[in-house]
Amino acid sequence: ATIGFCLNRHCPLFLAMATSSTQLSEIDDKHTDTLQNVASISSEHTLLSDTEQQTNALRDKLIADILQRNSLPNKDCERYRKGYPGKGDIPHENRNVQFYTKKISSSPQGAKITAIHSKWWGQYSLLETHHGYVQWLFPIREPGLNVEAQELQPHEAEMFKSTPAMQDLAITSYELMLDFYGMVLADRKLGTIQRANHYKKQYQNLNASAHNYLRITRILKFLGEIDLEHMKRPWLEFFFQEMMLNKELTNCWRSCSVFWVQTLREKADQQALAEFEADLRLQYLQDHPDNKLVCDVHKLPFAVSSPYGMYYSSMTNTPTTHGGSRGASSRPTGAPQGGHGTPAAGATDMVPKDKCCILM
């Protein structure tokens, strides 16, 4: 029998064939739309991948540039990181241990360590203008301004490491100075730093008082000498965050990026700090896409206009910018005053390019 096509539109077979044809057409349209969507998604993914690759490449370059900057020649910090080659121990010198075991007072015009911790805390005018206590609270293996203080001896450093009471007092000394700078040690174990409630006045003082940058160099070195190396990187990360994201303490930039970073002894800490700074720069670039300073790791990613002007280094005869969080301080507060720094005898040949690294 011959099978023919029914052209009668009312025929059930014709209707079935027509409906099927329409459905197939709709399916084809949907399939086409789906393919177009897949193509669009694929294109977006490719663009996203390209952007990620560019960001990762920029991040890697920033990290490499920062590590290179942080390794620029610096005799002072290099000698410190290497443990002062050729410098021996003087066994009979024990004044730093005697001071930290509460047997003697600091001098001149000083006090015993417990009195400094309790009675000098929050006395910001005193802490700013007194130039003899820092060498006692933070002894290092280098000379300072105070000729009555003693350089830290290796056997004394071992005493700090092995005596919990001495190390606990050393951390309290660190907290005393953090409070003076408007900061708080939020976690003794991790070393994390936060802003103190009174940070504004103390930031203003730190941003204007360059001799405190010398003190910070000394504090960082002291922490490393007594087995508190883990506290250094969190403090530096806090400085970078305040300067680069919050535009606070911007006068500290040169000291921080040239000297303080070079007190880190561990390669892992050096790498982690470089990555931290690179991520801050990328975050700033994300918020300011047209910024051209982000990739210059020798500068802050924005122009700095300080109300305190420029600090001129007599060693280079060129202007150098200096200066100038959450948390609270339970100690009394006071009014900050300006200070000054004077090079230590023999210190000018340690770091020839900038007075801010001479130790106090």
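Reader: Is Tyr-84 buried or exposed?
Author: This is a predicted model. Tyr-84 lies in the loop between H2 and H3. Its relative accessibility is 2%. Buried means under 20% relative accessible area. Tyr-84 therefore counts as buried.

Reader: What is the phi of Tyr-84?
Author: Most residues other than glycine have a negative phi. Tyr-84 is not a glycine, yet its phi is positive. The value is near 55 degrees.

Reader: Is Lys-102 buried, partly exposed or exposed?
Author: Lys-102 sits in the loop between H3 and H4. Its phi is positive too, about 65 degrees, although Lys-102 is not a glycine. Buried means under 20% relative accessible area and exposed means over 50%. Lys-102 has 43%, so the residue is partly exposed.

Reader: Which form, cis or trans, does the peptide bond from Ser-107 to Pro-108 take?
Author: Most peptide bonds are trans. Pro-108 is placed in the loop between helix H3 (95-100) and helix H4 (113-119). For the bond from Ser-107 to Pro-108, omega is near 0 degrees. That bond is cis.

Reader: Which element gives the largest share of the lining of the second largest pocket?
Author: The second largest pocket has a volume of about 220 Å³. Helix H1 (12-70), helix H2 (75-81) and helix H13 (267-287) each give two or more residues to its lining. The largest share is three residues. They come from H13.

Reader: Which residues lie nearest the centre of the second largest pocket?
Author: The lining has 14 residues. By class, six are nonpolar, five polar and three charged. Nearest the centre lie Leu-67, Asn-70, Ser-71, Arg-81 and Gln-270.

Reader: What share of the residues of the protein count as buried?
Author: The protein has 13 helices and four strands. It exposes about 18,400 Å², and carbon and sulfur atoms supply 53% of that area. Of its 360 residues, the share that count as buried is 44%.

Reader: How many contacts beyond near neighbours in sequence does the stretch 307-360 have in the model?
Author: The protein averages a pLDDT of 81, and 71% of the residues score at least 70. Over residues 1-7 the pLDDT is below 50, and this stretch has three contacts beyond near neighbours in sequence. Over residues 307-360 the pLDDT is also below 50. Beyond near neighbours in sequence, the number of contacts for residues 307-360 is 160.

Terms used: Residues are numbered from 1 along each chain as its sequence is written. This is a predicted model: local features need pLDDT of at least 70, side-chain atom pairs count only at pLDDT 80 or more; totals for chains, interfaces and linings use all residues. Side-chain values use heavy atoms; hydrogens and water are left out. pLDDT is the predictor's confidence in each residue, from 0 to 100. Contact means heavy atoms within 4.5 Å. Buried means under 20% relative accessible area, exposed over 50%, partly exposed in between (1.4 Å probe, protein chains only). Accessible areas come from the Shrake-Rupley method with a 1.4 Å probe; for residues, only the protein chains shown count as cover. On a 1 Å grid over the protein atoms alone, a cavity is a set of points where a 1.4 Å probe fits but cannot get out, and a pocket is an open set with protein on both sides within 12 Å along at least five of seven lines; lining residues have an atom within 4 Å of a point. Grid points are joined across faces, edges and corners, and a volume is the space filled by probe spheres set on the points. Ala, Val, Leu, Ile, Met, Phe, Trp, Tyr, Cys and Pro count as nonpolar, Asp, Glu, Lys and Arg as charged, and the others, Gly among them, as polar.
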